[in-house]
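Please read each point with the model in view.

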Amino acid sequence: MVIPLYNYGHFLGECIESIVSQEGVDVDVLIVDDASTDDSLSVAQSIAAYDPRVTVVSNERNMGMVGSINRGLWSVEGEYVVKFDADDILTPGALARATALLDADPSVGFVYGFPVEFTDGPPPPARTTVRNWTVWSGLDWVRIRCRKGRNCIMQPEVVMRASVLHETGKYRAEMGHAPDFDMWLRLATTANVGRINGAHQGYYRIHPQSWQRTMDTFRLKDLEVIRKIFAGLFDEAGTKFADRVALRTTAQRAVAINAINEACRAYDEGRAEREPVDDYVALALDLYPDAASLPQWRSLQRRRRAGPERAPQIPAARLKRGLREVEDRLRWRRWRWSGV
């Protein structure tokens, strides 16, 4: 386990306890402190002093999260590796469940599962019974992500095969706040992808200081990074896909639709004057020049004609808000059940 640490010492005790208490696996933990400015390093060192399974190294200067992750992952040994955030928690038995799938199917390069979100206080009880496993061809899993145009893994639930990680290469800082999504896609072009179904595999903590929550509240930056990730994927591994030309277009269309939907959502929720609606539109057109032929585009134009003040009141917008809530719930249930 590799844990990049920057000013998250107050979460570290709960995080480490969830790891070293895992049954059925031998665990070593490497904490990489990224020149924290609070007492995080001393907290980590105190934990390591009482548990020989925990080791701490400290960067002389701040290297950023990706630099710390790479330093850690490329200095540990073991058949399986996990990059784990200091503010997250493992569920009981998560590592044994994931490594059982990896042991059973050597074609699988990484395993993920369902993460439970929580905020303040103790996390809810975890489901620990496995319903079944799903194993996708890595390339087929990438095709699904191209059709969706978004990530489906929150991070604390992933266990990687070390040999596949080293073949794939290091995390890339140029992917901004989404280096994990870039890594999952790259791993999937090298090996198959597995998922634990039924059991909860990790707890994802939502709090004001979490890394993604400190990014811009607008989705534009996220969409731009996802565009960059897909472009890099096809530039580097496109020859692995016989349908690479059509698949690239599929990914671009999906991200464009997501951008248009964000613009519609901004109008429906009365945020159009605060969010970069024009930039969403420009991104969509740049990605998919035929965006004006999409039904989502026509929906956006109705809202733009109504204007920021009237758009939330038009019947189509009120209906869409209700439908969106239903769609979001159904999407969440499908994701929880199938992982995609």
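In which helix do aspartate 182 and arginine 186 both lie, and how many residues apart are they? The points below begin with this pair; please note that the model is a predicted one.

1. Aspartate 182 and arginine 186 both belong to helix H7, where they are four residues apart, or about one turn of the helix. An α-helix has 3.6 residues a turn, so residues three or four places apart point the same way. The two side chains meet in a salt bridge, with a distance of 3.1 Å from N to O. Both aspartate 182 and arginine 186 are buried.

2. The surroundings of this pair deserve attention. Helix H7 covers residues 179-188, and because ten of its ten residues are buried, the helix is largely enclosed by the rest of the structure. Among these buried residues are Phe181, Met183, Trp184 and Leu185.

3. The count of salt bridges comes to 21. One of them joins the side chains of glutamate 14 and arginine 205, at 2.8 Å from N to O. This pair links distant parts of the chain, since glutamate 14 is in helix H1 (residues 9-20) and arginine 205 is in strand S9, 191 residues apart. Glutamate 14 counts as partly exposed because its relative accessibility is 38%, whereas arginine 205, at 7%, counts as buried.

4. A further salt bridge is formed by arginine 265 and glutamate 269, whose closest N and O atoms are 3.9 Å apart. Salt bridges with shared partners join Arg265, Glu269, Arg271, Glu275, Asp328 and Arg331 into one network. Arginine 265 has a relative accessible area of 24% and is therefore partly exposed; glutamate 269, with 40%, is partly exposed as well.

5. Arginine 195, in strand S9 (residues 192-205), is buried yet has no salt bridge. The nearest side chain of opposite charge is that of glutamate 157, 7.0 Å away. A polar atom of the arginine 195 side chain does, however, lie 3.0 Å from the backbone oxygen of arginine 336.

6. Arg336 also takes part in a positive surface patch, together with Arg127, Arg329 and Arg333. Arginine 333 is located in helix H12, which spans residues 315-338. This residue counts as partly exposed because its relative accessibility is 48%.

7. Finally, asparagine 151 is found in the loop between helix H5 (138-148) and strand S8 (159-161). With 27% relative accessibility, asparagine 151 counts as partly exposed. Asparagine 151 and alanine 178 are 27 residues apart in sequence, and their C-alpha atoms are 9.0 Å apart in space.

Definitions and conventions
Residues are numbered from 1 along each chain as its sequence is written. This is a predicted model: local features need pLDDT of at least 70, side-chain atom pairs count only at pLDDT 80 or more; totals for chains, interfaces and linings use all residues. Side-chain values use heavy atoms; hydrogens and water are left out. Patches are made of residues with over 30% relative accessible area and no salt bridge: like charges are joined within 9 Å, nonpolar side chains (Val, Leu, Ile, Met, Phe, Trp, Tyr) within 5 Å. Accessible areas come from the Shrake-Rupley method with a 1.4 Å probe; for residues, only the protein chains shown count as cover. A salt bridge is a side-chain nitrogen of Lys or Arg within 4 Å of a carboxyl oxygen of Asp or Glu. Lys and Arg count as positive and Asp and Glu as negative; His and the chain ends are not counted. The place of a charge is taken as NZ of Lys, CZ of Arg, CG of Asp or CD of Glu. Helices (H or I, at least four residues) and strands (E, at least two) are DSSP runs, numbered from the N terminus. Buried means under 20% relative accessible area, exposed over 50%, partly exposed in between (1.4 Å probe, protein chains only). A polar contact is a pair of N or O atoms within 3.5 Å; within protein, one must be able to donate a hydrogen and the other to accept it, and residues adjacent in sequence count only if both atoms are side-chain atoms.
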